[in-house]
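Work through the exercises below with the sequence and the model open. Each task is followed by a solution in steps.

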Amino acid sequence: MIAETDGAILTVDNISRSYPGAPVPILDGLTFRQKRGEFVAIVGPSGCGKTTLLRCCAALMQPDAGSVLHAGQILSDPPPWLSIVFQDYNRSLFPWLSVKQNVGFGLAHVGKHERDERVAAALRAVRLDHAAELYPWQLSGGMQQRCALARSIVVRPKLLLLDEPFASVDAQTRFDLQDLVMEICRDMSLSTLLVTHDMEEAVFMADKVVVLSTKPARVVDEVAINIPYPRDQLATKETPEFLRLRHQVYTLVRQQIRH
Amino acid sequence: MTNSVQRIRALSLQIMLIAGLLAIWQWAAVTFPGPTLPPLLAVWRSYWRLVQGDLLHTAVLPSLYRLLIGFLIAAVGGALIGLAIGCSRSLDAWSRPVLEYLRYIPAIAILPPALLILGPTDTMRIFVIAFGCIFPVLLAAIDGAKRVEPTFLDTARVNGLGAIARIRRVVLFAAMPSLFAGLRIALGLGLIMMVISELIAADNGIGFFILRSQRLFQSAGVYAGVLVIGTIGWLLTAGLLLVERRVLHWHRGWRGLPVD
Amino acid sequence: MVAVTPPGSVRGSGAPAPLIASFEAAAGLGRHHPGGAVLRVLNHKVAGKYAGALGGFGVCIICWEIVRGLQLIDPRDLPSVVAIVRTAIRELIGGPLALAVLTSLLAWAPGLLLAAVIGTVMGIALAMLPNLDVASRPILEFLRPIPSVALIPIALLTLGVGIEMQLTMIAFASVWPIVFSVKAGVEGIDPRFQETGRIFGVTKGTGIIRIVIPSMLPSLATGVRTASAIALVLTITVEMLIGRPGIGRYLDEARLNGLVTEMWAAIFVTGIVGYIVNGVMLAAERHLLPWSAENRDQ
């Protein structure tokens, strides 16, 4: 067992996972580390088991072999300092609760007064304070995803997992959400793990991009992104450094698809 | 404009058909007097006595009271047990074959043993009604709980909810649409069991009133009793739909249907 | 999403997963999760089904015997499971119970057939004649929720206590699901079928036989399957109430004569009959209507 000597918030150590009846395992000896405060993006060809990996990282699922350490410990349930935003807001925001109630969902143990304050602050942070009393299904896709983001940060997590959070919204909204997430993660000095199939998004947002192979998923390479924050949708994406890194990640993923 | 014309046309068609059928009834009742077909006025008088007069307390209210108690027991019990079963794979695997067998026993068959063990009491009648109602609720709750979006449950787990809190705060709501579909079927079955339990062993209630009227060849009473049961069924269904609309207003919106 | 919920895995249903995980953590089983593997094998489709069935019925029998043993209910009213099964077999093999079941089914089948014929005609008529549909809606909406058992006294007044009364009641009760199912089926026919028919010169009358009826057969089958359960209830109720021969009278007479074991045996057998009836309906549907949705799912 690896002790927490290295300041890693998340250590994925040689994990494998297969589903009964399936001939090929979905994860096969996958290893990477995430330091505190680091923004890690995981990219890979579609259908390579990114969601399974994320569920293992969230302790929602246990690997068959290998271990996932959260701040140095093996856990059987998600710790209170871990939070997720799922891709499909329509299936993760509770349709029977208003936006405010959805955001306050994880604060049942907190007193009503404090809860109201924290919910209001989270809604302000995602600029959704005007929609507090509405139901999520009355909002646009981007607003719903902001609501899901507010629900995740209101519990003051240390580690935020993002499962393709921008895949179900249109392009302009996606850029706005990317900026918002980067801003919030830096303000709250969160460790963030983003799973995405959008390589440009990964390079743009992360400190480190982990490239996965096709099924069964292994780590092909890790690419460090040393572009200073704050990053800008136009200026950053035109720098030679960004273009070089994007080229590098694209090439790695494309080699996987060819295989 | 065409819409209201259509509505007036539909309404007049409906009124014509009802009036025509009533006229044939009245004509037949007057032309062939006998115990099989009473004149409309007699049926109406008897109906009015049941919903308004002295018979309300001896015939209608006892039935209604037993139906509501039995239905509530079945609704709460069926929902609780069903949600628990639906949330647990092993419980489901164990109970499914048993339920698959039990649901095919016609509920009426429970009447003789209930009568034997509990006697001709209100407890027996409420038990029989609850027994008849519980299966649709149970099966609907199991089904609803099994079909909860996995992401809802993941969200609940990430937010630190234990098994009980997950059922209470997530599964219960997510299964609510399915649960209400079961409750509507259960209400119809409850009405059937209410009548049967009173036809066989009772000294009050609407079923008993119908049976006594039939034995005394007071056919107006028989028809009026059936009409009262129809009224009860119609009112209770409407009430349940009203509750459903309130409780499930989010469901229509979520599914992209217009919300009023 | 598909990747998260493969058959037989822990499948998002959540509840059992933390139990297993925490048990393993407590037992210090660490990484390889042998408990999970064992459970996965147990949940394997076939093995799990039989194990579950055995376990479920086993628990029920044990509960029954405990209630008996503790005398929560007068044990004379609650015979042992072994006695019930033995009596059921004795009464079935050449016994009066077999005759009662057969008699009931001989009233049930023609009643259901009658309902199927009337229901089909009514359903098609309501779907194809909008005026009739509109005009009759309030009457049907009012008649439908009236439990048919409440009409038994009326049927007694008008039809007496003969087989025609029993058949009428069975047919009346079971006609509604068929009517509404057929109506929905006809209304749901793809208009392209009708257009195709017209192009090939099919007239309106032959169109009903060659296009409408084959297209709505799956809906009819679903309606008949629902109706068959209702018809069975009515068959037994009428027998119980007015003493026509069959399971209902067998049950009631067993109770009146204090033949408690025979009564429970009859209930046990009734459940099996209901189960078989439903199974036969499903099998017939699968065999006769290979294009129905029930089959396409599999």
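The model is predicted, so local features need pLDDT of at least 70 and side-chain atom pairs count only at pLDDT 80 or more, while totals for chains, interfaces and linings use all residues. Residues are numbered from 1 along each chain as its sequence is written, chains are lettered from A and ligands numbered from 1 in the order in which they are written, and side-chain values use heavy atoms, with hydrogens and water left out.

**Exercise 1.** Describe the interface of chain B and chain A.

*Solution.* 
- Step 1, contacts. With contact taken as heavy atoms within 4.5 Å, 25 residues of chain A meet 19 residues of chain B.
- Step 2, area. Buried area is the accessible area (1.4 Å probe) that two parts lose on being put together, summed over both. Here the value is about 2100 Å², with 63% on carbon and sulfur atoms.
- Step 3, charges. A salt bridge puts a side-chain nitrogen of Lys or Arg within 4 Å of a carboxyl oxygen of Asp or Glu. Three are counted between chain B and chain A. Glu149(B) and Arg91(A) form a salt bridge through their side chains, at 2.9 Å from N to O.
- Step 4, elements. Helices (H or I, at least four residues) and strands (E, at least two) are DSSP runs, numbered from the N terminus. On the side of chain B that touches chain A, two or more residues come from each of H7, helix H8 (163-174) and helix H12 (249-254) of chain B. H7(B) gives the most, with seven residues.

**Exercise 2.** Which parts of chain B does the salt bridge of Glu198(B) and Arg66(B) tie together?

*Solution.* 
- Step 1, the pair. The two side chains meet at 2.7 Å, N to O.
- Step 2, the parts. Glu198(B) belongs to helix H9 (residues 176-200) and Arg66(B) to helix H3 (residues 55-87), so the pair links parts of chain B that are 132 residues apart in sequence.
- Step 3, the total. Over all chains, the structure holds 31 salt bridges.

**Exercise 3.** Describe the interface of chain C and chain B.

*Solution.* 
- Step 1, contacts. Chain C contributes 61 residues and chain B 51 residues.
- Step 2, area. The two chains bury about 5200 Å² between them, 79% of it on carbon and sulfur atoms. Phe142(C), Leu157(C) and Arg255(C) supply 12% of the area that chain C buries against chain B, more than any other three residues.
- Step 3, charges. The count of salt bridges between chain C and chain B is zero.

**Exercise 4.** What lines the largest cavity, and what lines the second largest pocket?

*Solution.* 
- Step 1, terms. On a 1 Å grid over the protein atoms alone, a cavity is a set of points where a 1.4 Å probe fits but cannot get out; a pocket is an open set with protein on both sides within 12 Å along at least five of seven lines, and lining residues have an atom within 4 Å of a point. Grid points are joined across faces, edges and corners, and a volume is the space filled by probe spheres set on the points.
- Step 2, the cavity. Six cavities of 30 Å³ or more are found in the whole structure, and the largest has a volume of about 70 Å³. Its lining consists of Ser83(A), Ile84(A), Phe86(A), Arg151(A), Ser152(A), Thr155(B), Val158(B) and Asn159(B).
- Step 3, the pocket. The second largest pocket holds about 1100 Å³ of space. Of its 23 lining residues, Trp25(B), Leu227(B), Ile139(C), Phe142(C) and Leu143(C) lie nearest its centre.
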